[in-house]
Amino acid sequence: MSSTPAPGSEERKSSPMRFVLAALPLIIFAGLAAIFWSQLNSGKDVSEIPSALIGTKAPKLDMPALEGAVRDGQPMPALTDGSIKGKLTLVNVWASWCVPCRQEHPFVLELSKDPRLTVVGINYKDQNENALRFLGELGNPFSAIGVDPRGKAAIDWGVYGIPESYLVGADGTILYKRVGPFDADSVKNGLLPAIEKAAPSPAS
């Protein structure tokens with residue numbers, strides 16, 4: 001003879017499961033928060049985000065020129081593979097609306113004076129007139145500028161957020177990546193050692 005479950009017994013059995021399901025989002029959130037907190041307090045510099053592209057060939061460059069841009073009285077060329085072929089090159093991703101780009105610009109200008117280095121720019125999701133105004137106010141360190149109005153080139157280069165810069169060897173290999181603006185410390189202890197390794201200063 002089968003027995004009939006006592007009234008409410010099924011509800012009591014399912015209560016722990018309902019509790020677990022109800023608490024699951026909170027458990028997941030707590031786990032993610034713990035991971036985020038540990039990363040935040042790990043002491044790692046977020047500007048040193050590793051790039052899967054380091055040690056690989058640089059993505060193809062084929063972007064139109066920034067219309068109206070000039071340097072030394074000459075129109076700026078478009079940014080293509082030929083712009084960097086056979087040269088140690090710093091590829092700087094920037095925009096006029098980017099406040100950190102403005103902050104790092106004096107360092108980029110100074111780097112453009114290094115005879116070992118060619119500096120080119122990818123103008124990211126910008127307005128042509130605003131980009132020209134930016135260069136007119138702060139100076140133009142670039143030997144070539146390519147415009148990237150939809151961010152397609154930035155995706156190819158694995159850009160997280162601008163400014164970002166890539167040191168590309170004369171053979172086309174990406175040697176170094178900087179996420180965020182350059183400052184005195186990152187130039188001295190990050191970029192310059194990479195430049196020195198790729199193209200040592202001539203003996204005096």
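This is a predicted model: local features need pLDDT of at least 70, side-chain atom pairs count only at pLDDT 80 or more; totals for chains, interfaces and linings use all residues.
Of the 204 residues in the protein, 39% are buried. The secondary structure consists of six helices and nine strands. Among contacts with a separation of 6 or more, 72% are made by residues 24 or more positions apart.

Aromatic pairing was examined across the whole structure, and four aromatic pairs were found. In the pair formed by Trp157 and Tyr166, the ring centres lie 5.1 Å apart and the planes meet at 65 degrees. Planes over 60 degrees apart count as edge-to-face, and the pair of Trp157 and Tyr166 is therefore assigned to that class. Trp157 has a relative accessible area of 1% and is therefore buried, the cut-off for this class being under 20%. Tyr166, with a relative accessibility of 0%, likewise counts as buried. Elsewhere in the account of aromatic residues, Trp94, Phe134 and Phe142 are linked by ring pairs into a cluster.

The search for disulfides returned a count of one. This link joins Cys98 to Cys101, with an S to S distance of 2.4 Å. The angle about the S-S bond is 85 degrees, and the link of Cys98 and Cys101 is right-handed. Cys98 and Cys101 are both buried.

Ser112 was considered in its local setting. This residue is located in the loop that runs between α3 (99-111) and β6 (118-124). Its side chain reaches the backbone oxygen of Leu109 at a distance of 2.5 Å. When neighbours within four places in sequence are left aside, Ser112 is in contact with Arg71, Val119 and Pro141.

Notes
Residues are numbered from 1 along each chain as its sequence is written. Side-chain values use heavy atoms; hydrogens and water are left out. Rings of Phe, Tyr and Trp (its six-membered ring) pair if their centres lie within 6.5 Å; planes under 30 degrees apart count as stacked, over 60 as edge-to-face and the rest as tilted. Buried means under 20% relative accessible area, exposed over 50%, partly exposed in between (1.4 Å probe, protein chains only). Helices (H or I, at least four residues) and strands (E, at least two) are DSSP runs, numbered from the N terminus. A polar contact is a pair of N or O atoms within 3.5 Å; within protein, one must be able to donate a hydrogen and the other to accept it, and residues adjacent in sequence count only if both atoms are side-chain atoms. Contact means heavy atoms within 4.5 Å. A disulfide is a pair of cysteine sulfur atoms within 2.5 Å.
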